[in-house]
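Have a look at the model first, then read on.

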Amino acid sequence: MLKGKHIILGITGGIAAYKSVSLLRLFIKAGAEVQVVITPSGKEFITPVTLSALSGKPVVSEFFTANSGEWHSHVDLGLWADAMVIAPATASSIAKMANGVADNMLITTYLSAKAPVFIAPAMDLDMMAHPSTKRNIELLKSYGNHIIEPAEGELASHLIGKGRMEEPEGIFEYLKNFFASSQDLSGKKVLITAGPTYEKIDPVRFIGNYSSGKMGYAIAEEAARRGAEVTIVSGPVSISTNSPNINVIKVESARDMHKECLKIFPQCEYAIMSAAVADYAPVECAENKIKREKDEIPVIKLTKNPDIAASLGEIKTPKQKLIGFALETNNEEVNAVEKLKRKNLDMIVLNSLQDKGAGFGTDTNKITIFDCEGNKTTYPLKSKNEVAKDIIEYIIK
Ligand code: C5P
């Protein structure tokens with residue numbers, strides 16, 4: 001799986017840097033081409049000579065070579081790579097990556113990398129548990145980086161806890177699995193709706209909902225990572241994507257979302273309806289801001305919005321798969337299965353607001369999948385990135 005892959009191995013200044021030698025050997029043995037980039041403090045823990053001898057390439061650490069003045073282009077490196085692995089990643093480098101502090105070659109390379117990034121933290125348990133580290137790791141996750149979680153165990157300080165870098169074999173396996181599943185949606189076109197819709201009442205007010213778009217964008221990232229050409233028709237959200245395989249069409253209202261979906265769906269193999277679409281919209285948007293009148297309470301007359309999922313269900317061909325979501329507060333299973341049938345879906349992903357950590361705004365979700373053959377699969381609470389993986393895997397299966 002890793003044969004011929006271009007891997008940047010980033011090494012930062014932690015005790016676990018000695019393990020990077022084994023990781024480098026595993027990559028080289030698997031036929032990958034590896035460019036080591038090491039931070040100045042990383043060199044205190046492991047010598048560049050060992051790393052260049054094993055990788056067959058000079059190790060990069062500075063922006064240019066002192067005696068020749070040769071410039072090392074982090075941009076070229078970032079474009080060259082199929083993957084960037086930072087192992088070990090210290091609390092300091094994690095903070096720099098999370099906040100764009102580009103003061104060494106490794107961080108500039110990270111900021112220039114277009115390829116998937118894998119980060120294996122390694123630090124003492126208290127540093128790992130500090131809210132600052134936790135927040136930085138969450139930030140990295142929100143950029144789509146893969147965190148290879150550290151294990152519990154004895155640390156260099158002899159304390160026992162979470163912070164031990166995943167073993168080289170574990171990191172190697174993680175990348176192997178990543179590339180194994182990497183291109184199974186190659187050549188496929190996927191339409192995803194995400195986020196809320198805003199239905200205008202007047203120039204400053206709207207009917208909306210709490211959807212953050214996180215679930216839809218996570219599914220888009222996962223599909224794009226596996227080679228799909230993805231279009232997100234997105235309601236107003238504060239998140240974005242850097243993936244070159246994802247095209248985002250921004251809309252506000254359900255009607256606009258509907259219009260865009262009808263245009264795009266005929267070219268797609270899959271459509272995943274994760275948007276929280278408003279069922280009703282004001283009949284008209286007032287031209288000017290509605291003023292507070294002394295005695296009169298304004299009445300907003302509503303009209304039904306189109307059901308986007310149902311209308312795609314009507315025009316769906318046998319070669320297309322349509323996936324819906326059901327966010328329920330009660331009578332969850334019955335409602336989900338009823339929607340699956342009524343909207344002519346192939347599969348529906350249920351999440352219940354009864355489950356802690358599921359639904360709007362959270363970084364986690366807990367889902368149950370029902371398909372049109374009557375199967376039901378329940379999953380535990382996971383990060384939205386992991387849930388996206390489960391959903392895509394189910395669709396492919
Ligand atoms: O009927 P309900 O809104 O619960 O259905 C949820 C599913 O239908 C989601 O997949 C949602 O994106 C989709 N939907 C839609 N257009 C609507 C309402 C819901 O596509 N107007």
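On a 1 Å grid over the protein atoms alone, a cavity is a set of points where a 1.4 Å probe fits but cannot get out, while a pocket is an open set with protein on both sides within 12 Å along at least five of seven lines. This is a predicted model, where local features need pLDDT of at least 70, side-chain atom pairs count only at pLDDT 80 or more, and totals for chains, interfaces and linings use all residues. Residues are numbered from 1 along each chain as its sequence is written, and side-chain values use heavy atoms, with hydrogens and water left out.

**The cavity**
- There is one cavity of 30 Å³ or more here, where a volume is the space filled by probe spheres set on the points, and points are joined across faces, edges and corners.
- Its lining (residues with an atom within 4 Å of a point) is made up of L185, V190, Y270, I272, I392 and I395.

**The ligand**
- Around the ligand (a heavy atom within 4 Å) you'll find, among others, M273, P306, A309, K339 and K343.
- Now for polar contacts, meaning pairs of N or O atoms within 3.5 Å.
- A polar backbone atom of M273 is 2.6 Å from an oxygen atom of the ligand.
- A nitrogen atom of the ligand lies 2.8 Å from a backbone N or O atom of P306.
- A309 has a backbone N or O atom 2.8 Å from an oxygen atom of the ligand.

Methods:
A polar contact is a pair of N or O atoms within 3.5 Å; within protein, one must be able to donate a hydrogen and the other to accept it, and residues adjacent in sequence count only if both atoms are side-chain atoms.
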